[in-house]
Amino acid sequence: MTKTLELHVATVRPVARELTMTDFHQLAEVPPAIAWFANIDNPQTRRAYQNDVQEFMAFAGIQDPHTFRQVGRGHVLAWRRDLEQRALGGATIRRKLSALSSLFEALCEANAVQSNPVDGVKRPKITNQEGTTPAISDHQARELLAAPDGATLRGLRDRAILATLLYHGLRRAELCTLRLGDVRERRGVRHLQVHGKGSKIRYVPLHPAAASAIAAYLEVDGCGNDNEPLFRPVSNNARNTGRSITPDGVYKILANYAGKVGIDVAGFGPHALRATAATNALENGADIAKVQTWLGHANIATTRRYDRRQERAEDSPTFKVMY
């Protein structure tokens, strides 16, 4: 789908002049399905929706975007049944159906199809309000922060990365897009300028412990200009490429130190540090509405999945029973 889009717009030059008639007709001929995909701004959402739609296309045997006009509700119901039989989670199935529905809404607006076949297809209910992402204990978090070797550049960078995740609840992609210039002062307090989902920018006060870890790392790494990545590869052949560390690189860093300190928790990964930060903040009295803004959640219901205060064993009535 991406390659098709590139073929349609490859000859269109930057908007520094008026479109030629050839340019105009080429853009007018872009299939609505391709235009829908190109109009998704957030790269993470675009990647997820692309995978979901391609999965449906493979299931239904669709090879040409024009074939979408032949899709009926029966095809969608069959796909949903296939997803359920694969034992996918309710939230995953809902997202996949949402991706397909979004595509058909765009096709309806372009008069490419007459109706949205996803309309009326029931989506799984999410009854569990507690998130499935694990959160680690305070003791494990401290062990993780202490694990990197502070005598090496790699260790200093890794400790700064772990501190930034654990003290601010950033998404992995948000951490990877941080630039040196994103550490800035606002009203006399240092903040992180975070580029979140939907191209939304939020400002998160920089925790003193994370600020110290970042300063120690940058002192050895050497400061560049504000547009350079805050966290970048440290190997000699990749260090000066101007590229940021990748989300996959962050995952590998965390897996390495989790193994060293003996964290063996099902589902543990970078998002677990986000869950840990949110859980810790809530348990220490942070207002849930402020945590919502802090995490960059559009809906407070998402934030509530990190609120595990009702699940604390030490608060159970069990320990109030006296005989």
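The lining of the second largest pocket comes out as seven nonpolar, three polar and two charged residues (Ala, Val, Leu, Ile, Met, Phe, Trp, Tyr, Cys and Pro count as nonpolar, Asp, Glu, Lys and Arg as charged, and the others, Gly among them, as polar). This is a predicted model, where local features need pLDDT of at least 70 and side-chain atom pairs pLDDT 80 or more, while totals for chains, interfaces and linings use all residues. Residues are numbered from 1 along each chain as its sequence is written, and side-chain values use heavy atoms, with hydrogens and water left out.

Among the lining residues are Asp138, Arg142, Tyr167, His207 and Trp294. Helices α7 (138–146), α8 (153–168) and α12 (270–283) each give two or more residues to this lining (helices are DSSP runs of H or I, at least four residues, numbered from the N terminus).

Over to helix packing: α4 (residues 43–60) and α5 (residues 73–85) meet at about 105°, with axes 11 Å apart (axes are lines fitted to C-alpha atoms over the stretch in contact, and angles run from 0 to 180 degrees between N-to-C directions). The two helices are therefore roughly perpendicular, a label for angles of 65 to 115 degrees. On the α4 side, the contact (heavy atoms within 4.5 Å) uses Asp52, Glu55, Phe56 and Phe59.

Two aromatic pairs turn up in the whole structure (ring centres within 6.5 Å, with the six-membered ring used for Trp). In one, Phe56 and Trp79 have ring centres 5.2 Å apart and planes at 65°, so the pair is edge-to-face, the class for planes over 60 degrees apart. Phe56 sits in α4 and Trp79 in α5, 23 residues apart.

Methods
Parallel < 35°, antiparallel > 145°, perpendicular 65-115°, else oblique. 1 Å grid on protein atoms, 1.4 Å probe; cavity = no way out; pocket = protein on both sides within 12 Å on 5 of 7 lines; lining within 4 Å. Phe/Tyr/Trp six-rings, centres within 6.5 Å; stacked < 30°, edge-to-face > 60°.
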